[in-house]
Amino acid sequence: MWQDLEVTLKKLDKKQLKQKPDQGNLGFGVHFTDHMFLMKWNREQGWHDAEICPFQDFNISPAAMVFHYGQAIFEGMKAYRGKDEQIFLFRPKDNFERMNSSAVRMCMPRLPVEKVFKGLKALLYLEREWIPSAPGATLYIRPTMVAMEPMLGLKPSGSYYFFIILSPVGAYYAEGFNPTKIYVSDKYARAVKGGVGEAKTAGNYAASLMASEEARNAGYTQVLWLDACEHKYIEEVGTSNIFFRINGELITPPLGGSILPGLSRDSVIKLAGQWGIPVVERRLTIDEVIAASRDNSLQEAFATGTAAVISPVGELSYKSETYLINEGKTGELARKFYDELQKIQFGEKEDSFNWSVRVC
Ligand SMILES: *Cc1c(COP(=O)(O)O)cnc(C)c1O
């Protein structure tokens with residue numbers, strides 16, 4: 001059982017290692033490192049066969065339940081290279097705790113957080129040369145769990161794989177910290193209370209694709225999701241949480257089952273609290289945002305998520321009308337949160353919350 005889970009190391013020879021990609025042109029999620037973490041679960045043994053092994057293809061039955069019923073969950077986090085070869089993670093245990101919440105919702109087994117965290121640290125140490133040093137570039141970390149039992153009856157799978165793969169990614173704002181244009185969808189919904197919107201589970205992202213494609217075809221970067229029942233209340237933007245600053249107050253929708261509890265969201269709320277910026281979690285309608293835009297009390301809007309950290313919103317499109325926010329420019333708070341979080345994440349500044357964790 002996982003109480004005595006040992007991690008086996010199957011390391012490639014030096015000459016088998018891949019050539020590292022050009023750091024100036026990493027893109028997002030296209031390159032993968034030489035090794036990965038893998039462990040398996042079944043009812044008899046619990047978590048077992050934990051190993052750090054070469055990054056490799058799986059041999060999977062076409063009947064594996066993940067293909068049919070979608071028991072698949074993941075996380076997204078990053079390793080940051082600071083000065084003097086120091087490597088940092090940002091709130092890593094919170095990611096694994098959130099993965100456990102997703103696991104419970106999807107009837108999947110919980111992870112032994114401490115063991116997995118140790119496994120991740122060992123993997124990062126082995127792959128440390130892959131962690132980019134170009135400004136703003138990071139090593140994206142993708143922990144994933146999928147149902148492996150070959151069986152077509154609908155029930156929770158009896159076996160699972162958990163793995164962590166690593167991908168060096170370029171700076172998100174290679175061309176500068178530019179505001180995005182977002183499209184308010186009153187046709188599609190991302191998630192509904194009682195559903196799985198608060199779990200980071202694969203199907204949510206499949207469900208979002210069509211609206212994202214339509215937004216993109218109309219010239220917008222992201223979709224702003226409204227609640228599924230009334231198409232009235234603001235929920236999230238793309239795969240990020242959203243904040244509006246209206247009359248000096250920072251407002252974000254409350255977590256209520258259909259919203260993913262973002263760690264970046266939580267970090268912004270806590271920093272705002274520390275800085276004395278009024279911040280409230282409350283339901284906010286799209287009409288209120290439009291009205292605030294019309295009477296100039298809408299000062300700025302930004303999205304939060306691990307990939308971009310902070311993503312300022314410069315324009316909204318709703319019911320064929322467009323609304324400029326802060327004249328289409330990056331807001332003052334968006335920049336302040338972005339700078340502070342980047343400094344904490346890259347270990348340039350100590351944080352009083354102990355969010356940044358040095359791992360090697
Ligand atoms: C991952 C995710 C977020 C952001 O979460 P972070 O922990 O801040 O990266 C927000 N919304 C959705 C739908 C997500 O999948």
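Student: How far is an oxygen atom of the ligand from an N or O atom in the side chain of K200?

Tutor: This is a predicted model, in which local features need pLDDT of at least 70, side-chain atom pairs count only at pLDDT 80 or more, and totals for chains, interfaces and linings use all residues. Residues are numbered from 1 along each chain as its sequence is written, and side-chain values use heavy atoms, with hydrogens and water left out. A polar contact is a pair of N or O atoms within 3.5 Å. For K200, the side-chain N or O atom and the ligand oxygen are separated by 2.7 Å.

Student: What percentage of the ligand's accessible area does the protein cover?

Tutor: Accessible areas come from the Shrake-Rupley method with a 1.4 Å probe. On its own the ligand has 380 Å² of such area. The protein's cover amounts to 96%.

Student: How many residues surround the ligand?

Tutor: The closest are K200, Y205, E236, S264 and T306. By class, the shell has three nonpolar (Ala, Val, Leu, Ile, Met, Phe, Trp, Tyr, Cys and Pro), four charged (Asp, Glu, Lys and Arg) and seven polar residues (the others, Gly among them). The number surrounding the ligand is 14.

Student: Where does the ligand sit?

Tutor: A pocket is an open set of points on a 1 Å grid over the protein atoms alone, with protein on both sides within 12 Å along at least five of seven lines; its lining residues have an atom within 4 Å of a point. A molecule sits in one if more than half of its atoms lie within 2 Å of its grid points. With a volume of about 910 Å³ and 38 lining residues, the site of the ligand is the largest pocket.

Student: Which strand supplies the largest share of the lining of the largest cavity?

Tutor: A cavity is a set of grid points where a 1.4 Å probe fits but cannot get out. The largest cavity holds about 80 Å³ of space, and its lining includes S264 and T306. Strands are DSSP runs (E, at least two residues) numbered from the N terminus. The largest share, three residues, comes from strand 5.

Conventions: Near = heavy atom within 4 Å. Polar contact = N/O pair within 3.5 Å; in protein donor to acceptor, adjacent residues only side chain to side chain. Points joined across faces, edges and corners; volume = space filled by probe spheres on them. Helix = DSSP H or I, 4+ residues; strand = E, 2+ residues; numbered from the N terminus.
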